[in-house]
Amino acid sequence: MTATARTRLGPTGSRVLVGAVLVGGLGFWVGYVELVAIGLCGLLAVALAVVVPRAGSPMRFHRHHLTRLVQRGATIQVSLEAEADRATPPVKLIDQLAGATVVVDCPQVAPGHPAVMRYRLRALRRGAYRIGPVLEERTDPFGLVTRTVRHDV
């Protein structure tokens, strides 16, 4: 199982970045040092949110009881088990089946106590299908940056 991560600015992070550049530029243009300092603080906050996220994810996922062949329009019952080496806060998971996605709320996972989520996916075509990968989305406390970790399950 491999996990790859991607970090992107959220809507709040984009607004803070644009506001910091505008306020800092205005302060520099009119010679108002306090506005330049405010702009630099905004840039620093966004830079720290992008650079200092947690490296990797402590979570591992396992699927249980999947059917191999389906009819078009059939509903597939998925059971996803999440386990972690250390306590993890609640997180949003995104699962996929041939273009259809479902968002699943994963509760807090404690070491040695796996959490099991059950949900349904609707098949858009019949036959064999590829399910996944599971995308784990975490946002920093201020909503500046969203980090997406892809888990091949």
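On one side of helix α1, Pro11, Arg15, Leu22, Trp29 and Val30 are exposed, where exposed means over 50% relative accessible area, buried under 20%, and partly exposed in between (1.4 Å probe, protein chains only). This is a predicted model, in which local features need pLDDT of at least 70 and side-chain atom pairs count only at pLDDT 80 or more, while totals for chains, interfaces and linings use all residues. Residues are numbered from 1 along each chain as its sequence is written, and side-chain values use heavy atoms, with hydrogens and water left out.

Helices (H or I, at least four residues) and strands (E, at least two) are DSSP runs, numbered from the N terminus. Helix α1 covers residues 11-30. Its buried residues are Gly13, Ala20, Gly24 and Gly27. Viewed down the axis of α1, these buried residues fall within an arc of 70 degrees, so they line one face of the helix; the arc is that of the directions from the helix axis to the C-beta atoms. After α1 comes Gly31, with a positive phi near 80 degrees.

Strand β7 spans residues 115-122 and its side chains alternate. Strand β4 (residues 75-84) pairs with β7 in the antiparallel sense over eight bridges; two strands pair if DSSP finds at least two bridges between them. Met117 of β7 is the bridge partner of Leu80.

The structure holds zero disulfides, a disulfide being a pair of cysteine sulfur atoms within 2.5 Å. Cys41 counts as exposed because its relative accessibility is 53%. Cys106, at 1% relative accessibility, counts as buried.

Methods: Expected span 1.5 Å × (residues − 1).
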